[in-house]
Amino acid sequence: MAPCCPAESTKPAFIGIFGAIVGGFAVSAVFFLLSFSSITAPALPFPVVTATTTNLSALSTPAQPETMYNRPIWKSPARGSRMPSPRAFRLTRDMVRARARDGVIVVTFGNYAFMDFILTWVRHLTGLGVDNLLVGAMDTKLLRQLYLTGVPVFDMGSRMVTEDVGWGSPTFHKMGREKVLLINELLPFGYELLMCDTDMVWLKNPLPYLARYPSADLLTSSDQVIPTVTDDSLENWREVTGAYNIGIFHWRPTEPAKRLAKDWKDLVISDDKIWDQNAFNDLVHTVFGQPVQGEDELVYSYDGKLKLGVLPASIFCSGHTYFVQGMHQQLRLEPYAVHTTFQYAGTEGKRHRLREAMLFFDQPSYYDSPGGFLSFRPNIPKRMLLDGAHTVESHFALVNYQMKQIRTALAMASLLKRTLVMPPLWCRLDRMWFGHPGVMEGTMTRQPFLCPMDHVFEVHVMLKDLPEEEFGPRIDFREYTFLENPSLPKQVKESFLEVRLCNEHSTRCSTANGTNKHRALLLPRNSTEQMLLDVFSSYKNIKIIHFSSMVDGFRGFADAAVETQFRNRVKRYTGIWCCVEFREIGHIYYDMYWDDKPGWKPHPPQNREEDHPPWKSFHD
């Protein structure tokens, strides 16, 4: 989605971008020749094609000899077979013809850093019976792995790095331009093209919906957050104020669409400072506003001949309409897609959003941490959650109350060497990149609402490998829906110990009853480090230890140096709330140790000298 301010101005080396596509094949060839001669499919948690597996689309097409182009998805090449030549992975009309169904091809692309996103994208589609898809590989490492996994893949010849490129970086912009080039390469083949970013997933087969608008040259998603319709029809284009989002859009191979694609390509190549999405929006609005006669949901745009429709954000969801507003639920609609926009923690935040919604497919090891898991039931007084006005003060009072419990849970997880299952997080106010009155007017955001973790916590920082000598041991964590995920193995789910905190002065508060597996273990509040280690040393084989509460659960680390390391780590875990209206500096920093500062108030920084995280000084 479009940010509130322009991305960093960069100047990637873009000489000969077309040549890169061709030249990349030479690099690919070297990789293929030097790296291996025979192949073995990797073990991945995805469907295995067997003799009984039904290929839905194959039922309507005549039987053809199986090739690498039309092989059923998830069917790996024969063990020990040789890798096809680099030439076999070039994008051609024959390749598209072999995979297209009813004249439609669904495409995404990326580099190796997004392989788990790509596999999730493919698995959702194949689970919906959609196999007319292709994936463009921007590096040879991804190309090889997708081929071995049985995913239809072609070589984009991009010579891309295999790491995450980061939003707004020169390589990020290069990826965007390659999307434009790819569209221009595909449209002349004569097939309808549903082009998708890898950071989205399909929840319902979109092809019947797109077929409802056969005269549309282009159907695009958008960053619209205010509903313009309440059913599953296209957005009322007259009321759409959000930018058109090029993460999901459907092209028909018409002459107006081809002209738009060419002009878009020429524009982004002529100036490497232009963001591809902005360029697309500018071109589409060159001529705009005349409704298509008899098809009022479509509008003439671009050159006055291209017929454009805007996919409804309630069911072709953005990260805001799905994760924050839950617009589809409130309107009782079935969503087709969710795109992880409107989030605040980079690629890691996108992945975590999908995990929270149980839409991401992880490796089996993700669901069975060697040290086991620690979870707890959050305690939130009704007055904090529901009473009074929704203000900056009441929002921070609510979040801080939860944050203190999470801080205790992080300390316990670190001490017991367990992975923390985060609790659901409640917010009173939405987060954006600009000032707003708490929630954006006209949206369907309810108050309070379950907010994504990245609204408060720096998910990407929590996943960093920080130096242990300064920050103590890494603390792994999982999303709040983790224990509900169907992928959680039965043996993990059933290895469960409930722990109830009790008054340490009560005669009934004793850990001795822990020998009865049918009763909860009683644990005194404000337990010491040694007490926790002693008690739970008997339960190292239990996979899930669940606390009934975290309020006053742990007195703190006995070693001052360990306490300092822990504080250094978790202080960096919190982000900002944004933003108070009509202020030059409107954001407010969350503070993991807000309660250590008497009189702490949620106020924005008064000047640039004060504008830094609580753990950092102005001079750092």
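Tutor: A charge sits over a ring if NZ of Lys or CZ of Arg is within 6 Å of the ring centre and within 35 degrees of the ring normal. Here Arg431 lies over the face of Tyr344, 4.2 Å from the ring centre. Likewise, Arg478 has its charged end over the ring of Tyr366, at 4.0 Å from the centre. The model is predicted: local features need pLDDT of at least 70, side-chain atom pairs count only at pLDDT 80 or more, and totals for chains, interfaces and linings use all residues. Residues are numbered from 1 along each chain as its sequence is written, and side-chain values use heavy atoms, leaving out hydrogens and water.

Student: How many aromatic pairs does a search of the whole structure find?

Tutor: Rings of Phe, Tyr and Trp (its six-membered ring) pair if their centres lie within 6.5 Å; planes under 30 degrees apart are stacked, over 60 edge-to-face, the rest tilted. The search finds 28. In one of them, the planes of Tyr209 and Tyr213 meet at 55° with centres 5.7 Å apart, so this pair is tilted. Ring pairs also join Tyr209 and Tyr213 with Trp202, Phe316 and Tyr336 in a cluster.
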